[in-house]
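Subject: Structure handover and findings

Hello,

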Amino acid sequence: MISAVLLINQKGEVVISRLYRDDVDASTANAFRMKVIAAKEASGQAPIKLLDGSSFLYVRHKDMYFVAITKNNVNPAMVFQFLTAMLIIFKAYFGEEFEEDAVRNNFTLVYELLDETLDFGYPQSTALEVLQAFINLGEAKTPVTLAKSKEMSRMITGALDWRREGIRYRKNEVFIDVLESVNLLLSSTGTVLRADVTGVVNMKTFLTGMPECKFGLNDKILMDRDAGGGGGGGG
């Protein structure tokens, strides 16, 4: 996942640095500063750079770069979604046209936002309403409606913010599809080179509210075969 998040200005100075894993250090930013910013390669280039064994993914806002560093083979779409969400959060707290000075003057708030949205490099909740319930510093510019404020206590107790209240169906139903695929690779002599089984469980639910469901899967064919084999061995 994400090893570090940096905010770097157009001069190459690190404004904010937050390390989440020990596979990178503060000196890692030097590669990005020297080979991207100083070389003026940011404009017109893909926002992904592989430098010295680290992947740098970044988005730009005015004179600042929001940079995520990783050593792992992560999903870039997820990283860019997180960086975009962070940019939206910063705009809510510091204004649409916030600049470097706003970040420097509120570095304590910035670090709290980074700590709440990332845990050991794994993105957590980036919902602005949830963050406002956790963080007491600062005040988001985006107004919170009364309905949303009532949902805050429900959100921070473990419920998912994408599941709204009041969902009702006439008939509670759950549809489950278990799809399995058997893959086999044979050589010209008939030797098995590779054999594996992959599967996926697809679920579509029409359930009222947030019920707790427990599902169990069994292999009825295998169980019936074992039962039949045990009874027919005495001939």
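Below is what was found in it, by topic.

This is a predicted model, so local features need pLDDT of at least 70, side-chain atom pairs count only at pLDDT 80 or more, and totals for chains, interfaces and linings use all residues. Residues are numbered from 1 along each chain as its sequence is written, and side-chain values use heavy atoms, with hydrogens and water left out.

Overview

The protein chain has 7 helices and 9 strands. Both are DSSP runs numbered from the N terminus: helices are H or I with at least four residues, strands are E with at least two. Of the 235 residues, 31% are buried. Buried means under 20% relative accessible area, exposed means over 50%, and partly exposed is in between (1.4 Å probe, protein chains only). The chain exposes about 15300 Å², and carbon and sulfur atoms supply 52% of that. Areas come from the Shrake-Rupley method with a 1.4 Å probe; for residues, only the protein chains shown count as cover. Residues 24 or more positions apart account for 53% of them.

Strand pairing

Two strands pair if DSSP finds at least two bridges between them. Strand 1 (residues 4–9) and strand 2 (residues 14–19) run antiparallel, joined by 5 bridges. L6 has S17 in strand 2 as its bridge partner. This hairpin has 4 residues between the strands, and G12 takes a positive phi near 90 degrees.

Strand 3 (residues 48–51) and strand 4 are also antiparallel, with 4 bridges. L50 stands opposite S55 in strand 4. The hairpin has 2 residues between its strands; D52 in the turn has a positive phi of about 55 degrees.

Strand 4 then pairs with strand 5, antiparallel, through 7 bridges. The hairpin of strand 4 and strand 5 has 2 residues between the strands, and K62 takes a positive phi near 55 degrees. Strand 4 is largely enclosed by the rest of the structure, because 6 of its 8 residues are buried.

A46 is in the loop between helix 1 (29–37) and strand 3. A46 is partly exposed, at 48% relative accessible area. From A46 to L57 is 11 residues in sequence and 9.1 Å in space, C-alpha to C-alpha.

Nonpolar cores

A nonpolar core is a set of buried Ala, Val, Leu, Ile, Met, Phe, Trp, Tyr and Cys residues joined through side-chain atoms within 4.5 Å. The largest has 33 residues, and F90 and V103 touch the most other members. Helix 2 (76–94) is among the elements that each supply at least two residues, as are strand 4 (54–61), strand 5 (64–70) and helix 4 (107–117). Helix 2 gives the largest share of this core, 11 residues. Beyond its neighbours within four places in sequence, F90 is in contact with L7, F66, G95, F98, V103, V110 and L113. A second, separate core has 15 residues, including V24, A31, I37 and Y58.

Nonpolar surface patch

I176, V178, V201, M203, F215 and L217 make a nonpolar surface patch of about 570 Å². Patches use residues with over 30% relative accessible area and no salt bridge; nonpolar side chains (Val, Leu, Ile, Met, Phe, Trp, Tyr) are joined within 5 Å, like charges within 9 Å. Strand 8 (173–186) and strand 9 (192–206) are the elements that give two or more residues to the patch. L217 lies in the loop between strand 9 and helix 7 (220–231). L217 is exposed, at 69% relative accessible area.

Salt bridges

The structure holds 6 salt bridges. Each is a side-chain nitrogen of Lys or Arg within 4 Å of a carboxyl oxygen of Asp or Glu. E13 pairs with R104, with the closest N and O atoms 3.8 Å apart. This pair links distant parts of the chain: E13 sits in the loop between strand 1 and strand 2, R104 in helix 3 (residues 100–104), 91 residues apart. E13 is partly exposed at 38%, and R104 is partly exposed at 37%.

E173 pairs with K171 at 3.6 Å. K171 is exposed at 57%, whereas E173 is partly exposed at 28%. D196 and R194 meet at 3.8 Å, N to O. Salt bridges that share partners also join E13, E100 and R104 into one network.

Best regards

Methods: Contact means heavy atoms within 4.5 Å.
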